[in-house]
Amino acid sequence: MSEKLRVAVLGGTGMVGQRFISLLSDHPWFTVAGIAASPRSAGMTYEEAINGRWKLGDIPVPEAVRGITVESVENIDKVVSDVDFVFSALAMSKEEIKAIEEQYARTETPVVSNNSAHRWTKDVPMIVPEINPEHAEIIPAQRRRLGTERGFIAVKPNCSIQSYAPALAAWKEFVPTKVLASTYQAISGAGKNFGDWPEMVGNIIPFISGEEEKSEKEPLRIFGHIENDEIVPAASPLITSQCIRVPVLYGHTASVFVSFEKKPEKEALIEKLNSFAGLPQQLGLPSAPAQFIRYMEEENRPQVALDVDYERGMGISVGRLREDTIFDYKFVGLSHNTIRGAAGGAVECAELLVKQGYITKK
């Protein structure tokens with residue numbers, strides 16, 4: 001790309017916003033030209049706004065953004081005045097996010113969102129680029145509804161489903177029918193680290209608000225199809241889940257049981273995982289992992305401490321695949337929740353939308 005696209009990060013002072021800032025610091029296609037946050041941060045430099053609040057540990061605040069003046073996210077015309085599109089990592093109520101993301105889109109500014117607010121808006125694509133890139137074809141219908149020529153909203157799905165939905169996608173030809181998924185989710189999924197949440201040290205909390213519904217329903221929307229200007233979720237597989245917060249900083253692990261209409265041999269399942277690739281790999285998108293899913297033969301893998309950063313945090317690790325006494329098979333999956341599951345997945349989605357012609361220079 002001869003000239004980088006200019007992007008603003010909405011909610012740039014929060015944990016996911018910081019991850020966006022970090023991932024975009026040396027991006028070959030995109031450059032951070034604006035940062036927006038709550039009115040209390042407006043007018044500060046980014047360095048001032050995140051002073052004492054930088055959550056990415058040893059990763060430094062990128063030099064290029066330190067002096068950017070943070071705008072109020074409510075000052076929409078100012079935020080979009082000099083950018084080609086925006087990433088959204090807003091920390092507001094769902095209704096507030098729905099409203100403000102549509103306001104941004106109506107300024108003819110594409111919005112690529114990490115938030116859940118629009119995941120069930122009928123004409124907003126929810127994309128895992130390796131699995132359902134064709135869902136971007138709903139964007140013209142959304143533009144007609146919004147009355148825009150260039151603006152639209154696209155979202156990425158919930159972070160925890162990244163640890164098992166890709167495996168189900170790789171096994172599509174065997175027709176998964178029933179899935180039981182228990183996820184063990186890192187505290188950064190709540191936007192916190194151990195300094196913010198000391199009571200999580202040595203603790204497990206068996207409840208994460210809204211997560212089980214997302215885990216059961218969002219894969220079906222990803223596996224769905226476009227019909228009459230809306231995305232129609234798939235009818236199967238039937239998914240039930242339980243979501244637990246565990247004392248891990250990064251990495252969502254899933255323990256998954258699955259039955260198939262056409263039960264395959266274990267070796268066929270492993271081959272499908274290791275060979276699974278999608279449009280991002282074909283296009284060579286900058287954020288795309290060379291190998292999206294890897295199968296690990298060791299009995300004690302994948303492990304968060306050893307495997308969460310696979311493919312720069314953009315790959316999925318699967319292990320412990322074996323036959324089950326009730327379901328056909330069971331396995332363990334692992335994904336990086338703030339990279340593949342959040343900011344990195346949104347960045348890859350934006351790259352895909354650029355290649356598809358939906359995001360362009362203003």
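Me: What volume does the second largest pocket have?
Reply: The model is predicted. The second largest pocket is lined by 16 residues, and those nearest its centre are Leu-168, Ala-169, Lys-172, Phe-223 and Gly-224. Its volume is about 360 Å³.

Me: How many residues in the lining of the second largest pocket are nonpolar?
Reply: The lining of the second largest pocket contains three polar and three charged residues. The nonpolar residues in that lining number 10.

Me: Which element gives the largest share of the lining of the largest pocket?
Reply: The largest pocket holds about 960 Å³ of space. The elements that each give two or more residues to its lining are α1 (15–24), α4 (94–106), α7 (211–222) and α11 (339–355). The largest share, three residues, comes from α1.

Me: Which residues lie nearest the centre of the largest pocket?
Reply: By class, the lining of the largest pocket divides into 14 nonpolar, 19 polar and eight charged residues. The lining has 41 residues, and those nearest the centre are Val-16, Ala-89, Leu-90, Ala-91 and Asn-115.

Me: Which residues line the largest cavity?
Reply: A search of the whole structure finds one cavity of 30 Å³ or more, and the volume of the largest cavity is about 30 Å³. By class, its lining has four nonpolar, two polar and two charged residues. The lining residues are Ile-127, Val-128, Pro-129, Lys-156, Pro-157, Gln-162, Arg-340 and Gly-345.

Me: How far apart are the end C-alpha atoms of α4?
Reply: Helix α4 has 13 residues, and at 1.5 Å a residue these should span 18 Å. The model agrees with that expectation, the distance between the end C-alpha atoms being 18 Å.

Me: Which residues of α4 are buried?
Reply: An α-helix has 3.6 residues a turn, so residues three or four places apart point the same way. What covers the buried residues of α4 includes β1 (5–10), α3 (76–80), β4 (85–88), β5 (111–113), α5 (139–146) and β6 (153–155). The buried residues themselves are Ile-97, Ile-100, Glu-101, Glu-102, Tyr-104 and Ala-105.

Me: What is the phi of Glu-108?
Reply: Most residues other than glycine have a negative phi, and most peptide bonds are trans. Glu-108 is found in the loop between α4 and β5, and with a relative accessible area of 25% it is partly exposed. Although Glu-108 is not a glycine, its phi is positive, about 70 degrees.

Me: Where is Arg-320 found?
Reply: Arg-320 is a residue other than glycine with a positive phi, near 55 degrees. Its relative accessible area is 37%, so Arg-320 is partly exposed. Arg-320 is found in strand β13 (residues 316–323).

Me: What is the geometry of the pair formed by the rings of Phe-30 and Phe-87?
Reply: The count of aromatic pairs comes to 12. The ring centres of Phe-30 and Phe-87 are 6.4 Å apart and the planes stand at 65 degrees, so the pair is edge-to-face.

Me: How many residues apart in sequence are the parts that Phe-30 and Phe-87 tie together?
Reply: Phe-30 is buried at 0% relative accessibility, and Phe-87 is buried with a relative accessible area of 0%. Ring pairs link Phe-20, Trp-29, Phe-30, Phe-85 and Phe-87 into a cluster. Phe-30 lies in strand β2 (residues 30–37) and Phe-87 in strand β4, so the pair ties together parts whose separation in sequence is 57 residues.

Me: Which residues does Arg-143 touch, not counting residues up to four places away in sequence?
Reply: Arg-143 is found in helix α5 and, at 14% relative accessibility, falls below the 20% cut-off, so Arg-143 counts as buried. Arg-143 and Ala-105 are 38 residues apart in sequence, with their C-alpha atoms 9.0 Å apart in space. Beyond four places in sequence, Arg-143 touches Thr-148, Glu-149, Arg-150, Gly-151, Phe-152 and Tyr-358.

Me: What is omega for the peptide bond that joins Ser-236 and Pro-237?
Reply: Pro-237 is found in the loop between β9 (230–232) and β10 (238–245). The bond joining Ser-236 and Pro-237 is cis, with omega about 10 degrees.

Terms used
Residues are numbered from 1 along each chain as its sequence is written. This is a predicted model: local features need pLDDT of at least 70, side-chain atom pairs count only at pLDDT 80 or more; totals for chains, interfaces and linings use all residues. Side-chain values use heavy atoms; hydrogens and water are left out. On a 1 Å grid over the protein atoms alone, a cavity is a set of points where a 1.4 Å probe fits but cannot get out, and a pocket is an open set with protein on both sides within 12 Å along at least five of seven lines; lining residues have an atom within 4 Å of a point. Grid points are joined across faces, edges and corners, and a volume is the space filled by probe spheres set on the points. Helices (H or I, at least four residues) and strands (E, at least two) are DSSP runs, numbered from the N terminus. Ala, Val, Leu, Ile, Met, Phe, Trp, Tyr, Cys and Pro count as nonpolar, Asp, Glu, Lys and Arg as charged, and the others, Gly among them, as polar. The expected span of a helix is 1.5 Å times one less than its number of residues. Buried means under 20% relative accessible area, exposed over 50%, partly exposed in between (1.4 Å probe, protein chains only). Contact means heavy atoms within 4.5 Å. Rings of Phe, Tyr and Trp (its six-membered ring) pair if their centres lie within 6.5 Å; planes under 30 degrees apart count as stacked, over 60 as edge-to-face and the rest as tilted.
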